[in-house]
Amino acid sequence: MLSGDDLEKFGYYDNFGDKETVDPKEYSQWVEKKILTEDQERLIENILGLVGETGEVAEKVKKLMRDGTRFANEEILHELGDVLFYTTALANLYGQGLQDVMKLNIMKLDDRQRRGKLKGSGDNR
Ligand SMILES: [Mg+2]
């Protein structure tokens, strides 16, 4: 877990105050201020960013499996944060908050679990 010193070093308190947790709405607004592109260019940049950052997570696991290269928990958390950034950017682009994405995901997976469909493939199972 990150320490208070870590958070201060990275400027967390400058953006989110002295809080233990980040409000997803505040995070969405913070992400929006970091976006440098617009319209179609933004869509492409955000999608490629998401794919690239997801690839960075996969790359760490690949190197662990292939070479036994270990990584610190903090390293994977940084990459997951990058994935979250682009996920949030895309949600913002479509006029939805991160909380909406979370709620829809919970509803979808709970529904699949109730129907015994967590395993398998296909978007509409
Ligand atoms: Mg990254």
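The axes of helix H5 and helix H6 (residues 98–114) come within 8 Å and cross at roughly 100 degrees, where an axis is a line fitted to C-alpha atoms, for helices over the stretch in contact, and angles run from 0 to 180 degrees between N-to-C directions. H5 and H6 are therefore roughly perpendicular to each other, a term used for angles of 65 to 115 degrees, while angles under 35 degrees count as roughly parallel, those over 145 as roughly antiparallel and the rest as oblique. The contact is formed by Thr87, Thr88 and Ala91 on the H5 side and by Leu98, Asp100 and Val101 on the H6 side, two residues being in contact if their C-beta atoms, placed from the backbone, lie within 7 Å. Sorted by class, the residues of this contact are 3 nonpolar, 2 polar and 1 charged; here Ala, Val, Leu, Ile, Met, Phe, Trp, Tyr, Cys and Pro count as nonpolar, Asp, Glu, Lys and Arg as charged, and the others, Gly among them, as polar.

The model is predicted, and local features need pLDDT of at least 70, side-chain atom pairs count only at pLDDT 80 or more, and totals for chains, interfaces and linings use all residues. Residues are numbered from 1 along each chain as its sequence is written. Helices (H or I, at least four residues) are DSSP runs, numbered from the N terminus.

H5 (residues 73–93) also packs with helix H3 (residues 24–34), at an angle of about 90 degrees and with the axes 9 Å apart. H3 and H5 are therefore roughly perpendicular to each other as well. From H3 the contact takes Tyr27, Ser28, Val31 and Glu32, and from H5 it takes Phe85, Thr88, Ala89 and Asn92. These residues of the contact of H3 with H5 divide into 4 nonpolar, 3 polar and 1 charged.

Which residues of H5 are buried? They are Tyr86, Thr88, Ala89 and Ala91, where buried means that 20 or more other C-beta atoms lie within 10 Å of a residue's own, exposed means 12 or fewer, and partly exposed lies in between, with C-beta atoms placed from the backbone. The buried residues of H5 pack against H3, helix H4 (39–67) and H6.

The table sets out the lengths of two helices, where the expected span is 1.5 Å times one less than the number of residues.

| Helix | Residues | Span between end C-alpha atoms | Expected span |
|---|---|---|---|
| H5 | 21 residues | 30 Å | 30 Å |

Just after H5, Gly95 takes a positive phi of about 75 degrees, and just after H4, Gly68 takes a positive phi of about 75 degrees. Asp39, which is placed in helix H4, has a phi near 50 degrees, a positive value in a residue other than glycine. Asp39 counts as exposed because it has 8 C-beta neighbours inside 10 Å.

Met65 also has its place in helix H4, and with 9 C-beta neighbours inside 10 Å it counts as exposed. Although Met65 and Leu84 are 19 residues apart along the chain, their C-alpha atoms are separated by 24 Å.

Gln99 lies in helix H6 and is partly exposed, with 14 other C-beta atoms within 10 Å. Leaving aside its neighbours within four places in sequence, Gln99 is in contact with Pro24 and Lys25. The C-alpha atoms of Gln99 and Leu7, which are 92 residues apart along the chain, are separated by 23 Å.

Terms used:
Helix = DSSP H or I, 4+ residues; strand = E, 2+ residues; numbered from the N terminus.
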